[in-house]
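Reader: I've got a model open and I'd like to learn how to read it feature by feature. Can we go through it together?

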Amino acid sequence: SVRGCALCVVSFLNFMFVFISGADLVRFLSFRAIYHNITGETVPDSIQWSEALQDRTVLSSLVVDLLLLALFTTQHSLLAWSPVKQTLQSVLGVLTRTAYCFSTALALQVLIHCWQPVTGAPCLWSVRHAPWSIWFPLLCFLLHFFCWALICSIIIIFDYPELMGIKQVYYYCLGLGDPFSQKSPGAQRLLTHLRHPVCLELCVVLWFLPALSLDRLLLAGTLTVYLALAHSLDKQDLEYLCIQFKTKILTLKEQHSDVRHFSACKEK
């Protein structure tokens, strides 16, 4: 139908926008921070903290960055609040998750492009002496690359189409209902408590850098606290994960045993 085609177009455009925003986030959190240290664009050691804390430019940059972080965390939490989700569900229907992802990506774009680097205050640490000035940024780059690859893998495992709102539209067009309601009660409970399954990897990306500036400290500290508060896993969720893990191990063992049995029969 025309409605179904329109929903698919909106969902696809949102997917492209979120994908581009994710690539911009990787560049913002990892590559730009590491590259600045390699090229020597960090703050010189001659600047003292007493001077920096009296500099209006430094204070104004921190205020702007704090407001940007407040905008992102408020948007991300407000749209996940049950009364707001129910209101959006009644208005947008199947596009509720799409709207949530779009608004999150838009808030990220505002944060990335309006972020004010603090260049008038000393870094809390900065690796500048040879040979670590060469090897440590390379180590950071490799670790960040591994973390981002792991983040992408975890997101795919956690049903990426459903998190992006694509699966909701697809199921609606086929008349299959809500994909989240078709998951097992244990999976629903886990996803409700753990919508950010990349906390540890993202914390490594935020903190493991060759140079930590004052604005980066504000960014890393705020997002780390936000990620920690966003989780509400309990014993029942952990038991569900353990059961699923044991089931996967048994399935792999059975498949391996079947393959060996088939190979032995074939040889006979």
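Reader: Let's begin with Ser21: is Ser21 buried or exposed?

Author: Burial is judged by relative accessible area: buried means under 20%, exposed over 50%, and partly exposed in between, using a 1.4 Å probe and protein chains only. Ser21 has a relative accessible area of 1%, so Ser21 is buried. A word on the source: this is a predicted model, where local features need pLDDT of at least 70, side-chain atom pairs count only at pLDDT 80 or more, and totals for chains, interfaces and linings use all residues. Residues are numbered from 1 along each chain as its sequence is written, and side-chain values use heavy atoms, with hydrogens and water left out.

Reader: Where does Ser21 sit, and what does Ser21 touch?

Author: Elements are DSSP runs numbered from the N terminus, with helices (H or I) of at least four residues and strands (E) of at least two. Ser21 belongs to helix α1. Contact means heavy atoms within 4.5 Å. Not counting residues up to four places away in sequence, Ser21 touches Ala105 and Gln109.

Reader: Let's zoom out. How many helices and strands are there?

Author: The protein has 12 helices and two strands. From the N terminus on, the order is α-α-α-α-α-β-α-α-α-α-α-β-α-α. Of the 268 residues, 35% count as buried. Among contacts between residues at least 6 apart in sequence, 83% join residues at least 24 apart.

Reader: Which residues does UniProt list for "transmembrane region"?

Author: A caution before the list: UniProt positions are given in the numbering used here, feature names are shortened, and annotations may be inferred rather than shown by experiment. The unreviewed UniProt entry lists residues 7–29, 58–79, 91–112 and 132–158 for "transmembrane region". In the model, residues 58–79 are 95% helix and 0% strand, with the end C-alpha atoms 32 Å apart. Residues 91–112 are 86% helix and 0% strand, and there the end C-alpha atoms are 30 Å apart.

Reader: Now the core. How many residues are in the largest nonpolar core?

Author: A nonpolar core is a set of buried Ala, Val, Leu, Ile, Met, Phe, Trp, Tyr and Cys residues joined through side-chain atoms within 4.5 Å. The largest one here has 23 residues, and those with the most contacts inside it are Phe28, Leu29, Leu111, Trp115, Trp148 and Leu219. The elements giving two or more residues to this core are α1 (2–38), α3 (56–78), α5, α6 (132–157), α10 (199–207) and α11 (214–230). A second, separate core of five residues includes Val58, Val118, Ala121 and Leu214.

Reader: What does Trp115 touch?

Author: Not counting residues up to four places away in sequence, Trp115 touches Phe28, Arg32, Asp65, Leu68, Leu69, Val110, Asp215 and Leu219.

Reader: How many aromatic pairs are there?

Author: A pair of aromatic rings is described by the distance of the centres and the angle of the planes. Rings of Phe, Tyr and Trp (its six-membered ring) pair if their centres lie within 6.5 Å; planes under 30 degrees apart count as stacked, over 60 as edge-to-face and the rest as tilted. By this rule there are six aromatic pairs. Phe31 and Phe141 have ring centres 5.7 Å apart and planes at 40 degrees, so the pair is tilted. Phe31 is in helix α1 and Phe141 in helix α6, so this pair ties together parts 110 residues apart in sequence.

Reader: Last one: how many disulfides does the structure hold?

Author: A disulfide is a covalent bond between the sulfur atoms of two cysteines. The cut-off is a pair of cysteine sulfur atoms within 2.5 Å. The structure holds zero disulfides. For Cys173, the nearest cysteine sulfur is that of Cys8, 3.9 Å away, and Cys173 is in no disulfide.
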